[in-house]
Amino acid sequence: MFESINQNLQKVFARFQRGGKLTDGNIQDGLREIRQALLDADVHFKVAKDLIDEVTNRAVGEKVIESVTPAQQIIKIFHDVLTAAMASDKPLVIGQHGPTVIMLAGLQGSGKTTTAGKLANLLKKRGRQPLLVAADLQRPAAIEQLKVLGQQLGIPVLAKTGVTPPDLCAEAIPFARANGHDVVILDTAGRLHIDEPLMQEVAAVKARAKPHHVFFVCDAMTGQDAVNSARAFHERLALDGVILTKLDGDTRGGAAISIRHVTGAPVRFVGLGEKLDQLEEFHADRMASRVLGMGDVVSLVERAQSVVDEKQAEEAVTKLLTDEFTFEDFLFQLRSMKKLGPLKDVLAMLPGGLGAQLQNAPIDEKQLDRVEAVICSMTREERLRPDVLDVDRRRRVARGSGNSLDQVNAVVKQFAGMRQMMKQLKSQSGLMGKMAARFMPGMSGAKQHKAQVIEEMRKKGDLLRAKRKMERDRKKQNRRRR
Amino acid sequence: MFKKLFEGLKKTRDALSLGLRTVLSIGRDLDDETLDRLEETLYTADLGPSATAMIEKARKAYKLREIKTTDDVMVFLRKEIEDRLGERSELELRGVPPTVVLMVGVNGSGKTTTIAKLARHFTQQGKKVVIGAGDTFRAAAAEQLQIWADRVGATLVRGKAGADPAAVAFDAAEKAATEKADVLLVDTAGRLVTQAHLMQELSKISRVLGKRIPGAPHDVLLVLDATTGQNAIQQAEKFKAAVPVTGLIVAKLDGSAKGGAVVGIRERVGLPVKFIGVGEKADDLEPFDPKEFARSMFEGHTP
Ligand SMILES: Nc1nc2c(ncn2[C@@H]2O[C@H](COP(=O)(O)OP(=O)(O)OP(=O)(O)O)[C@@H](O)[C@H]2O)c(=O)[nH]1
Ligand SMILES: Nc1nc2c(ncn2[C@@H]2O[C@H](COP(=O)(O)OP(=O)(O)OP(=O)(O)O)[C@@H](O)[C@H]2O)c(=O)[nH]1
Ligand SMILES: [Mg+2]
Ligand SMILES: [Mg+2]
């Protein structure tokens, strides 16, 4: 997500960097570009204007500072403004006593039912006893959908036909109390904010069930209309939070900024997939960092930690640093990448403009699977020493992986390109080493030191020694582990 | 056409004052402020970069005195949008029956409901319709489609939850062919374009259909949620790269979102809009009319 705004802003800031001091002229120039980037990211037209005005005021006020570069200055100000625009001053507290009632509302298909399941799952994991209420009596099989989710989670679902949603929701509270539930989650039907009868109905649900929290469930891909729907739901329901769904896509997600701006309701959770454990808390500063192309290192590390085998990751880093990039490493990277999520997401999270650089690299997401198949059809020797891959061997690999010879050739070429790119990246002042130390899990303390040692050795050109030292270290460690 | 859309808009604005302002603005001289306001109108309709391009063109024409009044500029911009949208493009039954239509799109965009609407569209013409429940992933997806199939009088072919969607698609093709149906509509699970494996699954479904019925799928329709912003362009590009998409259906145009992103899609990805969805019922489907659509971009604009 956000990769585009990233790239645009990076372009702008690159120009700032060349520029020297902040002048009215270059501020205006840069801000025009930032405005465009915000618009491309679906931030509402007027909201973008307000934000730019705010930054202009502050930037002009601060232009006397000479100890930092203009780019740093603007980035800092913009980061602060965007963070403030999305952050919440109060943490979300889900009450401990009596049944806490949570109501979900929003447009059709935004993700309410799925999110109801996710929230129930999250709260159950925190030791609560949730009850799901199927208050969508409109959409075909909506009740059935929630029931299936409830079944998967082992969480009861209250469902009834022949009642009105407000009646059902009102009934749900004493039912929950009587059955030992301390959280009640109301899944309401999707509705358009301009549909007066249905907006009255949802207001009635709120009046009857008296929820402690009303969350507006919003699709992260929403464009300019987000302000209209959010405002209308806010007017009827006094929203106290927003849940942004489908953030696992490649949307730039500017709606997050717009909605907060017009309702004041902070984003509380984000949906990152269709599965019931893919709900996470929202972090304004991370989102702002992403918007500004500073790289969401924190999120990346967290995700990397959960999916990448630590030792293998470490080895992969070592390999990268010692110029031993083979098809085996390529394969490992492909697989970790796939587990991490969309390649573009991952790349966008890398700091320092690396994301933008890598995005132009010859890596095509659709082809990941093909590449994987091709590598799997190689012998171990071929994977470790790609140079041996002559035409005969390539033909065999093609047959084995169900690809054409051309396709195999393309993969080998792609690999050579990556290898070349790795070399180039490394020659850029050991950036890769620094990045790897932050990015790869478990690379703290001693391990980080080790990476530094290797980096130093590499600089001296003593690759062989570095590699042998790694081997020795690893063996020693393995012995100790046993 | 667009009746519901206009009804919706009427609810939200003071028609009288708008009418008054419109009358006062007729023939008024154009100025920069009016152009700025038009830019905002087009942007808030999700036209994105296309809005900038069109306004730039209008500014040039204004400088050259090719357009002079507020009326001129409205005519100018409407034509710009129409030209970008191209000709009307209808969904035709092609090839030897059954004609196979595959429905694709991101999560929750309106695919399943649109299948029901299309099924109704064809059964009303006396055609025999089979539907394939290719979403075996989302909770109660097949149940949802079963209810619709019963309502609109189509035959549903479904697999077990978690079954291979390509296998279900093949079974549906088999049924449609042996029962001599006129149309086969195949539903698929919602997927975000970043999920490479799911995009490949889609290609497989498409290929499998072609194995059973020569030339299938004859149409692949991308269902777009009208509220979608600039991500719509990525959706169109990526789905088109995975399956031979032939057109768009814009669902949920009965809300206040204008769906302007389709202009950029037509310009940059070359996909025409075939139908629009204007409600949650089976007959809330209308053919797409570029002229009407261009006009609707300015609905609610205060001259
Ligand atoms: N990729 C992804 N898909 C999601 C996410 N949240 C929901 N979905 C999907 O979005 C689609 C719509 O979700 P629902 O939960 O049915 O949406 P809803 O708001 O209840 O829909 P209505 O009740 O019809 O208004 C389904 O395909 C979900 O699996 C998310 O965070 N990521
Ligand atoms: N107002 C309105 N609602 C619509 C329209 N089309 C679909 N919907 C609603 O949008 C929601 C999602 O529709 P579905 O047809 O289930 O969407 P889908 O794309 O099949 O969703 P997944 O299979 O979960 O990806 C439902 O509540 C529909 O009733 C439309 O044209 N207007
Ligand atoms: Mg629902
Ligand atoms: Mg569906």
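Trainee: What percentage of the 303 residues in chain B is buried?
Mentor: Happy to start there, keeping in mind that this is a predicted model, where local features need pLDDT of at least 70, side-chain atom pairs count only at pLDDT 80 or more, and totals for chains, interfaces and linings use all residues. Residues are numbered from 1 along each chain as its sequence is written, while chains are lettered from A and ligands numbered from 1 in the order in which they are written. A residue is buried if 20 or more other C-beta atoms, placed from the backbone, lie within 10 Å of its own. Among the 303 residues of chain B, the buried share is 54%.

Trainee: Why is chain B said to be as compact as a globular protein of that length?
Mentor: Chain B has twelve helices and eight strands, which are DSSP runs (helices H or I, at least four residues; strands E, at least two). The globule rule is 2.2 Å times the number of residues to the power 0.38, and the radius of gyration is taken over C-alpha atoms. Chain B is that compact because the rule gives 19 Å for 303 residues, close to its radius of gyration of 21 Å.

Trainee: Which helix gives the most to the side of domain 1 of chain A that touches domain 2 of chain A?
Mentor: Nice one! The domain assignment, automatic or from a database, places domain 1 of chain A at 3–86 and domain 2 at 100–289. Their contact (C-beta atoms, placed from the backbone, within 7 Å) takes 17 residues from domain 1 of chain A and 20 residues from domain 2 of chain A. With five residues on that side of domain 1, the helix that gives the most is α4(A).

Notes. A residue is buried if 20 or more other C-beta atoms lie within 10 Å of its own, exposed if 12 or fewer, and partly exposed in between; C-beta atoms are placed from the backbone. Two residues are in contact if their C-beta atoms, placed from the backbone, lie within 7 Å.
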